[in-house]
Amino acid sequence: MRFTTGRVSASLISLRAMALAGLCVSPWVGAQGLPETPGTDTAVSDKAESQQAAAPKFNYAIGAIVGSSPDYAGGDGRKNSLRPAWAIEYGRFRLSTSRGSAFMGHGLGPRESGASATLAQSDRFSLSAALRIDKGRDGSDAPILVGLPSVRSTLRARISAGYAITDRWAVGAGVSQDILGRDGGAQWSTSIGYTWPVTEQTKVSFGAGASFGDRTYLRGHFGVPAGSNSPLPAFEPRGGLYSVDAGVEVMTALNRHWVVLGAARVSQLQGDARRSPLTVQPVGYSVSVGLAYRCCR
């Protein structure tokens, strides 16, 4: 996670230096030889500078990600994908995929997918809200899921916060809720990350986290209802910790606009999620590689 502040350009410093030099020679005479009020040009420049800094900026990133991951949480099959990664940002508002958000922030900022807004931000702390689509799950994702009720797609609202302990260490937490009443339940997560700036263009980020869900969420994703058409035994999970994970991500800016990403992540199911009849392989891993063009940061 990184928070940026405005920078004064070298050219502006040079202009001010020349202006000061001119005042030393003739402090009361302007370029046309007419009397001037000292400091007027500097005041106008500072005002224009502050207005430019306060004006919202439009940024975007667009690219693609190739990835491989488990067919579902706890499954032993694999699914390979080629999907777009994009983000559009105006001021504190953003619309993006999760990886698009990573491209936009060079892997250091919050990764809220969907529509998000920064509610509060300082040098160390950030608070954001987001809406995202949860695609759910159906029996076509894996043979073992046939006969089970589908996990319906829904819209989730999420609030997340992050705090930079140092320039390299950061912690975060977030909570999301199904707001359409489609039995999606609630999730919350915690994370800690470390960023290693290898060079000015390349950064390596290490992270670890834990995910929790309420009874409704776990019942939908890891439960087997009694009387279903599935041959699996009935199973009613309770809420709580259901997964821990760790990962590494390398992101390199090839130049000002092009960014390449490589990531690997491993996760392990816990508690009732691990004991579920649906869990064939409790440890899963995913890898991805991506490329994106971004403007105009």
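Glu89 is buried, with a relative accessible area of 8%; buried here denotes under 20% relative accessible area, exposed over 50%, and partly exposed the range in between (1.4 Å probe, protein chains only). Glu89 is joined to Arg94 by a salt bridge in which the closest N and O atoms are 2.5 Å apart, a salt bridge being a side-chain nitrogen of Lys or Arg within 4 Å of a carboxyl oxygen of Asp or Glu. Arg94 likewise counts as buried, at 16% relative accessibility. The model is a predicted one, in which local features need pLDDT of at least 70 and side-chain atom pairs count only at pLDDT 80 or more, whereas totals for chains, interfaces and linings use all residues. Residues are numbered from 1 along each chain as its sequence is written, and side-chain values use heavy atoms, with hydrogens and water left out.

The chain contains five helices and 12 strands, assigned as DSSP runs (helices: H or I, at least four residues; strands: E, at least two) and numbered from the N terminus. Of its 297 residues, 33% are buried. Contacts are defined by heavy atoms within 4.5 Å. Among contacts between residues at least 6 apart in sequence, 56% join residues at least 24 apart.

Strand pairing requires at least two DSSP bridges between the two strands. Strand β12 (residues 283-295) is joined to β1 by nine bridges, and the two run antiparallel. Within this pairing, Ile65 has Gly290 of β12 as its bridge partner. Strand β11 (residues 258-269) also runs antiparallel to β12, through 11 bridges, and Trp258 is there partnered with Tyr293 of β12.

The largest nonpolar core comprises 10 residues, namely Ala61, Ile65, Ala85, Ala102, Phe103, Met251, Val259, Leu261, Ala263 and Ala292. Such a core is a set of buried Ala, Val, Leu, Ile, Met, Phe, Trp, Tyr and Cys residues joined through side-chain atoms within 4.5 Å. At least two residues of this core come from each of β1, α3 (98-104) and β11, and β11 gives the most, with three residues. Apart from this core lies another, of seven residues, among them Tyr72, Leu145, Val224 and Leu278. When neighbours within four places in sequence are left aside, the contacts of Ile65 include Ala85, Phe103, Leu261 and Gly290.

On the surface, Phe58, Ile62, Trp86, Ile88, Tyr90 and Leu95 form a nonpolar patch with about 580 Å² of accessible area together. Patches are made of residues with over 30% relative accessible area and no salt bridge, with like charges joined within 9 Å and nonpolar side chains (Val, Leu, Ile, Met, Phe, Trp, Tyr) within 5 Å. Strands β1 (58-70) and β2 (78-90) each supply at least two residues of the nonpolar patch, and β2 gives the most, with three. Tyr90 is found in strand β2 and counts as partly exposed, at 46% relative accessibility. Phe93 lies in strand β3 (residues 93-96). Beyond its neighbours within four places in sequence, Phe93 is in contact with Ile88, Ser116 and Ala117. Phe93 and Ala130, 37 residues apart in sequence, have C-alpha atoms 9.7 Å apart in space.

The structure holds eight salt bridges. One of the salt bridges joins the side chains of Asp167 and Arg124 (3.6 Å, N to O). This pair links distant parts of the chain, 43 residues apart: Asp167 is in the loop between β6 (154-164) and β7 (169-178), and Arg124 in the loop between β4 (114-121) and β5 (125-134). Asp167 is exposed, with a relative accessible area of 68%, while Arg124 is partly exposed at 32%. In a further salt bridge, the closest N and O atoms of Arg275 and Asp272 are 2.6 Å apart. Both residues lie in helix α5 (residues 271-275), three residues apart, about one turn of the helix. Arg275 is exposed, with a relative accessible area of 51%, whereas Asp272 is buried, at 10%. Finally, Arg215, Arg219 and Glu236 are linked in a network of salt bridges.

Key:
Accessible areas come from the Shrake-Rupley method with a 1.4 Å probe; for residues, only the protein chains shown count as cover.
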